[in-house]
Amino acid sequence: MADVRTETNALDLIAMSAAAAQSRRRSVRIRSIGIGIAGFLTLLLVWKAGVIVLKVPPYILPAPEQVFVALWSGIAVSPASPLGWYMPLWSTMSNALLGFMIGASLGLFFGSLMAEFRAVETALMPYAFALQSLPKVAIAPLIVIWCGFGDGSKVAMAALLAFFPMLVNCFAGIRAAEVERLELMKALSASRLETYYIVKLPSAAPYIFAGLDMGIVYALLGTIVAEFLGAQQGMGVAITKAQAVTDVAGVFGALVVLGVTGILLHLVVRRIERSVIHWANRGKH
Amino acid sequence: MSLATDAAGFATPPIAAAAKQNGAGNPLIVVEGVVKIYSTVAGDSVLALDNVDLTVRDGEFVCLVGPSGCGKTTLLRLLAGLDTADAGTSSLAGKTLNGPSPEVGVVFQQSNLLPWFTVLQNVMLPLRVGGSSRDAGKIAEIHKLLEIAGLKGFENKYPYELSGGMQQRAAIVRALARDPKLLLMDEPFGALDALTRERMNAELQRIWLASKKTVVLITHSIDEAIFLGDRVVVMSPRPGRIVRDLVVDVPRPRIAAETFGSSSHVALAREIRMLLE
């Protein structure tokens, strides 16, 4: 009987400690959310106080509630209204995503070629370095000349900016494939293509996702820059339009929309990454 | 060499082992005058293997022991076709070895399972690469091997969900997937703790008795070599030469508790230790 009782007590203790650990984790999470909200409210308060005390005119820095009104006026309209955020955001996002897909695919393709074939690496590396060190936004005027003021320029700009992080990361990731795994494929007499997609590409996956994460934000940036240079629609156009009539609150509203969009895109990539490469960082052997 | 036909051999292992020790098998591996020279980063040449001769008969379990850097791994890499010799010849079943062969399975120091594949995908890899992943007979064979290796029920787990010992057993199943004649193992249990290692040795003996492969196993552990081997081949430090070829005359299946204390084990272990000093 004594044994049974100690065992029950032990089980109770385990259950209790698990419950305690869970409630500890929950209280840590609640506290960190609380700190986040408090920080945000403090920022708004300092902002508001600064605007009042320093008598900053609204065409320099609007008060937070004015930004909120501008933001809300773009949200509380029909999605088809040209006054809302929906139309320009859709235009920007669709171009950015299309450009991202093109740029990322090309980056994956050329990064793989460079990693697989020394000759390709030798031939392309100098250009890759030269273009990488060039501020690519400076190419935007050229692209507008070539592709015009329409969606073509935006897609091209997004693709260009998404291309490089993918190229570099894919190249580095494939080259980082473990020698032991490559030897395993060699011992199995695997073909080059089999070795590429069974070992090298999955080995590079963590690097590739880092490239995608960077690339998606860069694609958004590229699209906005192309829109600044002349376009009929998009968030970049919304910003320049607001700027033209010194609607600074409107500019801030557009920036908030873009910031939230960027964070959401980043989170989507991270979520996909976690489910695709669930095996990473779980011990190698 | 299918497992099904070996069921009788598994049931009466001492007879099979006795046949092996009497040298009934034909030579499977013949290595003659093999020399391997490595050039270091600094530009020096290192003689890794110096005129090595080795014959391994069909169905034999040979353990290679020697100090670090004696060229054991180099010899194994030559047999696996991962390296080429600078002089000398090596042949497998009468055919000259010059590259990886489907008749050779390799177990590496680390389990070397691909973390993005499940256990089943990992052990199926040799079939997939060989283009026979839909061969029903071979798939059935793999499932039988998984069962022998105690991995039944773990087919859809990922390597990180397995213990070190289970990962290494999966690696052995993978090496056996193509039903090779020869199994090469490079310190397969070096990364495991002592107790797990002893259990793995017993399991490997069981798998070997059931499959009747020819095995060449590298180890640092003298006990492991004597427990597993029909022969223990002792190598000298660089340049790697074979200094002694000892027969282990202990009946199978060997049991750790009995083998380790026996007088023949103690005598062999002493002899090997003196050779390595």
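This is a predicted model: local features need pLDDT of at least 70, side-chain atom pairs count only at pLDDT 80 or more; totals for chains, interfaces and linings use all residues.
Residues are numbered from 1 along each chain as its sequence is written, and chains are lettered from A and ligands numbered from 1 in the order in which they are written.

The dimensions of the two chains were also computed. Taken along the principal axes, the C-alpha atoms of chain A fill a box of roughly 80 × 70 × 35 Å. The C-alpha trace of chain B spans about 45 × 45 × 35 Å along its principal axes. A residue is called buried if 20 or more other C-beta atoms lie within 10 Å of its own, exposed if 12 or fewer do, and partly exposed in between, with C-beta atoms placed from the backbone. By this criterion 32% of the 285 residues of chain A count as buried, and 44% of the 277 residues of chain B do. Two residues are in contact if their C-beta atoms, placed from the backbone, lie within 7 Å. Among contacts with a separation of 6 or more, residues 24 or more positions apart account for 76% in chain A and for 72% in chain B.

Secondary structure was assigned from DSSP runs, numbered from the N terminus, with helices (H or I) of at least four residues and strands (E) of at least two. Chain A comes to 10 helices and 0 strands, whereas chain B comes to 10 helices and 10 strands.

Two helix pairs of chain A were examined. Two packed helices are described by the angle between their axes and the distance between the axes. The axes are lines fitted to C-alpha atoms, for helices over the stretch in contact, and the angles run from 0 to 180 degrees between N-to-C directions. Helix H8 (residues 192-228) of chain A and helix H9 (residues 235-244) of chain A have axes that come within 7 Å and cross at roughly 45°. H8(A) is therefore oblique to H9(A); angles under 35 degrees count as roughly parallel, over 145 as roughly antiparallel, 65 to 115 as roughly perpendicular and the rest as oblique. On the side of H8(A) the contact is made by Ile224(A), Glu227(A) and Phe228(A), and on the side of H9(A) by Met235(A), Gly236(A), Val237(A) and Thr240(A). These residues divide into 4 nonpolar, 2 polar and 1 charged. In this classification Ala, Val, Leu, Ile, Met, Phe, Trp, Tyr, Cys and Pro are nonpolar, Asp, Glu, Lys and Arg are charged, and the others, Gly among them, are polar.

H9(A) also packs with helix H3 (residues 86-116) of chain A, the axes coming within 7 Å and crossing at roughly 135°. This angle makes H3(A) oblique to H9(A). Here Pro88(A), Leu89(A) and Thr92(A) of H3(A) meet Met235(A), Gly236(A), Val237(A) and Ala238(A) of H9(A). By class, the contact has 5 nonpolar, 2 polar and no charged residues.

Between the chains, 20 residues of chain B are in contact with 16 residues of chain A. Helix H4 (residues 119-130) of chain B gives the most to the chain B side, with 3 residues. That side divides into 15 nonpolar, 5 polar and no charged residues.

Several loop residues of chain B were also characterised. Gly66(B) is found in the loop between strand S3 (61-65) and helix H3 (72-80), and is buried because 26 other C-beta atoms lie within 10 Å. Leaving aside neighbours within four places in sequence, Gly66(B) is in contact with Lys72(B), Val234(B), Met235(B) and Ser236(B).

Most residues other than glycine have a negative phi, and most peptide bonds are trans. Asn112(B), although not a glycine, has a positive phi of about 60°; with 21 C-beta neighbours inside 10 Å, Asn112(B) counts as buried. Asp179(B), likewise not a glycine, has a positive phi of about 55°, and is partly exposed, with 18 other C-beta atoms within 10 Å. The peptide bond from Arg252(B) to Pro253(B) is cis, with omega near -10°.
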